[in-house]
Amino acid sequence: MWWILVLGGGADAQVCRAINNTFTAKINPFASSTGYYTFDECGNETQPTIGMELGVEYTFKQTDASNWYHPLGFAYFADGAHEDVDELEPGISLTNSSCADNLTCQSPIYYLNGEFLGAGGEDFGLDAYEPDFFLPRGDWIEKGEYEVKLTLDETNDVFYFCHIHNEMSGRIKVLVDDVIVSEEDRPALGYEYEVPSDFDAGCGTYGTGDYQESGGLCSDTFLCLDGNESDVMVEFSECLYATDCAMDYLMRTEIHDTNPVVAFIHQMIPHHDNAINMAKILLKIQGDWLDADNENDAEMIDVLWDIINTQNHQIDIMQNWLEAFGYDSEDSAVCSLCTNSASWYKTGDPSKDCDWVSEWEPRCDTKGEGAILASAACPLACGECAVNTAVTVAASG
Ligand SMILES: [Cu+2]
């Protein structure tokens, strides 16, 4: 008899294991544009790869309030229905057609307050579970304890994912006697997880690191400080500046030639991103200012979570629309507002205007009336418009 050689002694460290067959889900809203799942059993790691023993029932608890708008799903490929790929359902198997015929394939089972939400057969409770996560946050919290049970009886990797937000999938590897069955990570996740910049990590935002005041991408002042602000307010204003600048910069889109929906979306996504980031900044520092036990404060906290989750969901819908009709996923252009003055001319010589300046670069040092330099009055002629030519920059997802 052959010994089966298990390669890679570090295999055990690759997956996070449940405690008492339970994974307690939470969302870290600051880990990415949408936020990422964590499980108490896996520490602070976001989107951890988890291990599940073959044939053992596990419970995924979604009782923490941060789960609102993030109903867990399970699929054979990353992102399930978002990508039109097979999910774990009673009538779906990639390998065993008889379970599909009998509606007994491996599938999650959804519960509220310990009660199965489905009717059996093809109905495994998702049709009641998922819609509840669209309820107003307070109503959803009041309804009670949401949880999903899942037993895996096939050995291939599967994924947990969010039914509402795209690209929140994490890998599940199957264990037999605590050993990973399939070492290879297959099928592929298909995308890299988002990693906030150091600046974003401090603010709780995503995608604003390049838009700090020091980056010079915005000439406007978004916040007026008089020097008497506390350190907290100075830090807060630096975070706000960067997200405001990102929106200001990224909303300068080219109008689409024929389709108003395209231009609407290209502007609305950075607009939404700003709302989401503003909400996250406040949520991150809420501590001394918003007390969840105070009725008015609690309402404000609801608003912050609502902005983050609903506007991220709308961004997904808008991105899907662009993809469905074959339009670019983003378009950000700093439009050419840079034009030569029609009235400037060299002092005392009206014939020497911006056109004259444009003929020879050294003429940019010429002064006009009021000692205004040609380089300032004729920016187009003097090559000062570089920042104003159309550029496409990566928008945050
Ligand atoms: Cu979600």
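Trainee: What distance separates the centres of domain 1 and domain 2, taken over C-alpha atoms?

Mentor: This is a predicted model, in which local features need pLDDT of at least 70 and side-chain atom pairs count only at pLDDT 80 or more, while totals for chains, interfaces and linings use all residues. Residues are numbered from 1 along each chain as its sequence is written. The domain assignment gives domain 1 (11-180), domain 2 (198-324) and domain 3 (331-397), with bounds that come from an automatic or database domain assignment. Over C-alpha atoms, the centres of domain 1 and domain 2 are separated by 30 Å.

Trainee: How many residues of domain 2 are in contact with domain 1?

Mentor: Two residues are in contact if their C-beta atoms, placed from the backbone, lie within 7 Å. The side of domain 1 that touches domain 2 has 5 nonpolar, 6 polar and 1 charged residues (nonpolar: Ala, Val, Leu, Ile, Met, Phe, Trp, Tyr, Cys and Pro; charged: Asp, Glu, Lys and Arg; polar: the others, Gly among them). These 12 residues of domain 1 meet a set in domain 2 that numbers 14 residues.

Trainee: How are helix α6 and helix α7 oriented, roughly parallel or roughly antiparallel?

Mentor: Helices are DSSP runs (H or I, at least four residues), as are strands (E, at least two), numbered from the N terminus. The axes, lines fitted to C-alpha atoms over the stretch in contact, have angles from 0 to 180 degrees between N-to-C directions. Those of α6 (residues 231-250) and α7 (residues 260-285) come within 8 Å and cross at roughly 170°. Angles under 35 degrees count as roughly parallel, over 145 as roughly antiparallel, 65 to 115 as roughly perpendicular and the rest as oblique, so α6 and α7 are roughly antiparallel.

Trainee: At what angle do α7 and α8 pack?

Mentor: The contact includes Ile269 and Ile276 of α7 and Ile308 and Trp321 of α8. By class it has 15 nonpolar, 4 polar and 1 charged residues. The axes of α7 and α8 (residues 295-324) are 9 Å apart, and the packing angle is about 155°.

Trainee: How far apart are the end C-alpha atoms of residues 262-331?

Mentor: UniProt lists this span as "domain: DUF305" in an unreviewed entry. The span is 77% helix and 0% strand, and its end C-alpha atoms are separated by 9 Å.

Notes:
UniProt positions are given in the numbering used here, feature names are shortened, and annotations may be inferred rather than shown by experiment.
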